[in-house]
Amino acid sequence: NDYYIGKYEVTQALWKAVMGNNPSNFKGDNLPVEQVSWDDCQEFISKLNRITGKTFRLPTEAEWEYAARGGNKSRGYQYSGSNNLLDVAWYDDWYDDNSGDKTHAVGTKQPNELGIYDMSGNVSEWCQDWYEAYSSSSQVNPTGANSEFDPSYRVYRGGSWEDDDRFCRSSRRACGEPGDRDRYSTLGLRLVLSE
């Protein structure tokens with residue numbers, strides 16, 4: 001299905017404009033907002049939709065991965081836009097720490113094939129889906145778990161400034177409690193707009 005996905009992670013400037021606060025640990029208008037829970041993201045999106053009259057939302061896990069892999073322009077890279085992680089991500093590895101243990105301004109590394117930035121590193125990104133094991137059957141454009149397999153966990157995707165190369169691959173998936181924000185200075189969001 002057609003959808004638009006944000007070129008950049010949601011910045012602190014946008015979050016402040018909508019919410020009137022900035023929960024981030026690392027401060028800067030062009031830095032990605034972080035230390036936001038899945039529930040916080042839903043409140044932000046609801047307010048943004050009221051302000052704009054549009055229908056923004058979090059991406060499904062399938063939409064996120066399709067965009068991270070370069071969509072129909074994919075060149076099959078291991079990371080979003082390159083096989084060389086240093087080109088496309090802020091991350092932390094024992095032999096190659098380029099993040100300096102903090103986030104960086106969005107869009108300062110190379111984009112992927114679709115012109116999307118920071119999907120392999122900077123902050124990991126909440127998705128709409130409940131966390132569940134993948135189905136063993138083939139699926140086209142899945143929309144996530146049909147039931148709340150474990151209602152205490154939501155999916156997030158992509159690597160962050162504190163992850164090593166193993167966790168920055170386009171295939172990386174993890175989960176967190178929807179109301180938990182205190183330990184997530186590594187986790188933000190990217191918006192999707194449906195047609």
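Trainee: Why is Phe44 called buried?

Mentor: Buried means under 20% relative accessible area, exposed over 50% and partly exposed in between, with a 1.4 Å probe and protein chains only. Phe44 has a relative accessible area of 0%, so Phe44 is buried. The model is predicted: local features need pLDDT of at least 70, side-chain atom pairs count only at pLDDT 80 or more, and totals for chains, interfaces and linings use all residues. Residues are numbered from 1 along each chain as its sequence is written, and side-chain values use heavy atoms, with hydrogens and water left out.

Trainee: What makes Trp15 and Phe44 a stacked pair?

Mentor: Rings of Phe, Tyr and Trp (its six-membered ring) pair if their centres lie within 6.5 Å; planes under 30 degrees apart count as stacked, over 60 as edge-to-face and the rest as tilted. Trp15 and Phe44 are 4.6 Å apart, centre to centre, with 10° between the planes, and the structure holds six aromatic pairs.

Trainee: Why is this pair said to tie parts of the chain together?

Mentor: Trp15 belongs to helix H1 (residues 12-19) and Phe44 to helix H2 (residues 38-52), so the pair ties together parts that are 29 residues apart in sequence. Helices (H or I, at least four residues) and strands (E, at least two) are DSSP runs, numbered from the N terminus.

Trainee: Is Trp15 buried or exposed?

Mentor: Trp15 has 2% relative accessibility and therefore counts as buried.

Trainee: Why is the pair of Phe26 and Trp161 called edge-to-face?

Mentor: The ring centres of Phe26 and Trp161 are 5.3 Å apart and the planes stand at 90°, so the pair is edge-to-face. Phe26 lies in the loop between H1 and H2, and Trp161 in the loop between strand S4 (154-157) and strand S5 (173-176), so this pair ties together parts that are 135 residues apart in sequence. Phe26 is buried, with a relative accessible area of 17%, and Trp161 counts as buried at 8%.

Trainee: Which residues do ring pairs link into a cluster?

Mentor: The cluster consists of Trp126, Tyr156 and Tyr184.

Trainee: How do you know that the charged end of Arg154 sits over the ring of Trp38?

Mentor: A charge sits over a ring if NZ of Lys or CZ of Arg is within 6 Å of the ring centre and within 35 degrees of the ring normal. The charged end of Arg154 is 3.7 Å from the centre of the Trp38 ring, over which it sits. Likewise, the charged end of Lys109 sits over the ring of Trp90, 4.4 Å from its centre.
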